[in-house]
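My notes follow the order in which I checked things.

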Amino acid sequence: MQAIRHIRGVGIVAAALLLATTALADADPSAVDVQEAGLRTSLAPTAALIAREGETLKLNFPIRLAFVPDGLELLPTGKQMLDILARSLRAHEHTQVVVAVYTDALGSSEFNQQQSLARAEVVVGYLRDRAVAGARLIARGVGESAPLNAENTPAGRDLNRRLQVIITPLSS
């Protein structure tokens, strides 16, 4: 008798899970859900990391893979990542995109600020050249003003040198 009750209990739980799964499958995914899934799949072979905060997507990419050292020229790995991003941004036009570049604290604050802004502008120009509307793109040079909580070691400084792309849906 107890075995039958257990089987019924398991059956009820299974039925509830099936209904919940069906309800989720029937729900339309948001545009952010679709864009996030596409970016996660297409950027998987790259070093890009994607984080989601509510309806905002944040993509982080190491500067050492995006730009030549101490320069403004994009590396092939940076172009590859930006080409993938540009395809996503063209497919999801109702977003605003902030391109922020961060540095470590080596060198002068003024140089780091100027270099980070110049690199952010290079990225914005690259995306604009790939048919992403310029009105959606904002370049932000952050410099060394917002470091990650990383140790002052070569590896920690490398973490702070990053390209971040923040994608936010436009309000309707």
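Axes are lines fitted to C-alpha atoms, for helices over the stretch in contact, with angles from 0 to 180 degrees between N-to-C directions.

The model is predicted, so I noted that local features need pLDDT of at least 70, side-chain atom pairs count only at pLDDT 80 or more, and totals for chains, interfaces and linings use all residues. Numbering starts from 1 along each chain as its sequence is written, and side-chain values use heavy atoms, with hydrogens and water left out.

**Overview.** I counted 6 helices and 5 strands in the protein chain. These are DSSP runs numbered from the N terminus: helices are H or I of at least four residues, strands E of at least two. From the N terminus, the order reads α-α-β-β-α-α-β-α-β-α-β. Of the 172 residues, 36% are buried (under 20% relative accessible area; exposed is over 50%, partly exposed in between; 1.4 Å probe, protein chains only). I also looked up contacts (heavy atoms within 4.5 Å). Among those with a separation of 6 or more, 68% join residues 24 or more positions apart.

**α4 against α5.** I took helix α5 (residues 109-129) next; its axis and that of α4 come within 9 Å and cross at roughly 55°. The two are therefore oblique to each other. From α4, the contact uses K79, L82, D83, L85, A86 and L89; from α5, V123, Y126 and L127. I classed these as 7 nonpolar, no polar and 2 charged. Nonpolar covers Ala, Val, Leu, Ile, Met, Phe, Trp, Tyr, Cys and Pro; charged covers Asp, Glu, Lys and Arg; the others, Gly among them, are polar.

**α2 against α4.** Helix α2 (residues 31-42) packs on helix α4 (residues 76-91) at about 160°, with axes 10 Å apart. That angle makes α2 roughly antiparallel to α4. This crossing is right-handed. I listed Q35, L39 and S42 on α2, and I84, L85, S88 and L89 on α4. The classes came out as 4 nonpolar, 3 polar and no charged.

**One residue.** Is S88 buried or exposed? I found S88 buried, at a relative accessible area of 10%. S88 sits in helix α4. Leaving out residues up to four places away in sequence, S88 touches Q35 and L39.

Key:
Parallel < 35°, antiparallel > 145°, perpendicular 65-115°, else oblique. Left-handed = near helix turned anticlockwise from the far one by under 90°.
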